[in-house]
Amino acid sequence: MRARTAIAALLAAAVALPLTGCFGLPSPSDIADQAEDVASQAQELADTLSGVEWGKVSRLVVRDAQTGEVVRELTDQDTIEGTFDPLSDENGLAAEPDAGAEYAFELWQPETQKAGQDASDLDEVKVLEVTTYEGSPVVGLEVSPIGLRLYLTSQAAADSLRALAG
């Protein structure tokens, strides 16, 4: 009797899996694709953060996210790198928080000099923007050159950034 029940359950599952899209449920391949997308985004973020040449960062601009007003501007490389250090230990992706944006931290560095380009013609490029949210341990990261935006849960990073802002 148990064998019949087990076989019936397996048969029902085998029939139902291809029909998951019919019931508005994600198919296993959709779930796998979403997992691959998240993993890819996390890898891109890790590559970007590890690729930030802290010695090339020319300045960090701290803005009030609501008004856009500059709260603080820093050029001390050690302070800038130390502020972002807690992010290097984080890899837990999060959803965008419901709380309002609090501060935006913009990392700027000189653009890469191209062949034939004079050093005096180099502009600054915003390479990373990190946003804190009111009362939230979630920080948003936007890799400006490629438009990638992710959210991480990191109380240490959020606290470090807030301390720098105020």
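Let me start with what covers the buried residues of helix 4: the cover includes strand 1 (59-64), strand 2 (70-74), helix 3 (77-84), strand 3 (101-110), strand 4 (124-133) and strand 5 (138-143). Keep in mind that this is a predicted model.

Which residues of helix 4 are buried? Helix 4 spans residues 155-165, and its buried residues are Ala157, Ala158, Leu161, Arg162, Leu164 and Ala165. Look down the axis of helix 4. The buried residues fall within an arc of 160°, so they line one face of the helix. Here is the background. An α-helix has 3.6 residues a turn, so residues three or four places apart point the same way.

Now step back to the whole chain. It has four helices and six strands. In sequence order the pattern reads α-α-β-β-α-β-β-β-β-α. The chain has 166 residues, and 31% of them count as buried.

Strands of a sheet pair through backbone hydrogen bonds, either parallel or antiparallel. In what order do the six strands of the open sheet stand? The order is 2-1-3-4-5-6, and the pairing is antiparallel. Strand 2 and strand 6 are at the edges. Each has a single partner strand, so one side of each has no neighbour in the sheet. From one strand to the next, the twist averages 20°.

Let's walk through some pairs. Strand 1 and strand 3 are antiparallel, with six bridges. There, leucine 60 has leucine 107 in strand 3 as its bridge partner. Strand 4 and strand 5 are also antiparallel, over four bridges. Valine 130 has its bridge partner in strand 5, namely leucine 141. The hairpin of these two strands has four residues between the strands, and glycine 135 takes a positive phi near 65° there.

Strand 5 then meets strand 6, residues 148-153. Six bridges join the two, and they run antiparallel. Glycine 140 has tyrosine 151 of strand 6 as its bridge partner. This hairpin too has four residues between its strands, and here glycine 147 has a positive phi near 70°.

Why is strand 5 largely enclosed by the rest of the structure? Five of its six residues are buried, so the rest of the structure largely encloses strand 5.

Terms used:
Residues numbered from 1 in each chain as written. Predicted model: local features only at pLDDT ≥ 70, side-chain atom pairs only at ≥ 80, totals over all residues. Heavy atoms only, no water. Buried < 20%, exposed > 50% of the residue type's maximum accessible area, 1.4 Å probe, protein only. Arc of directions from axis to C-beta. Contact = heavy atoms within 4.5 Å. Pairing = 2+ DSSP bridges. Axes fitted to C-alpha atoms, helices over the stretch in contact; angles between N-to-C directions.
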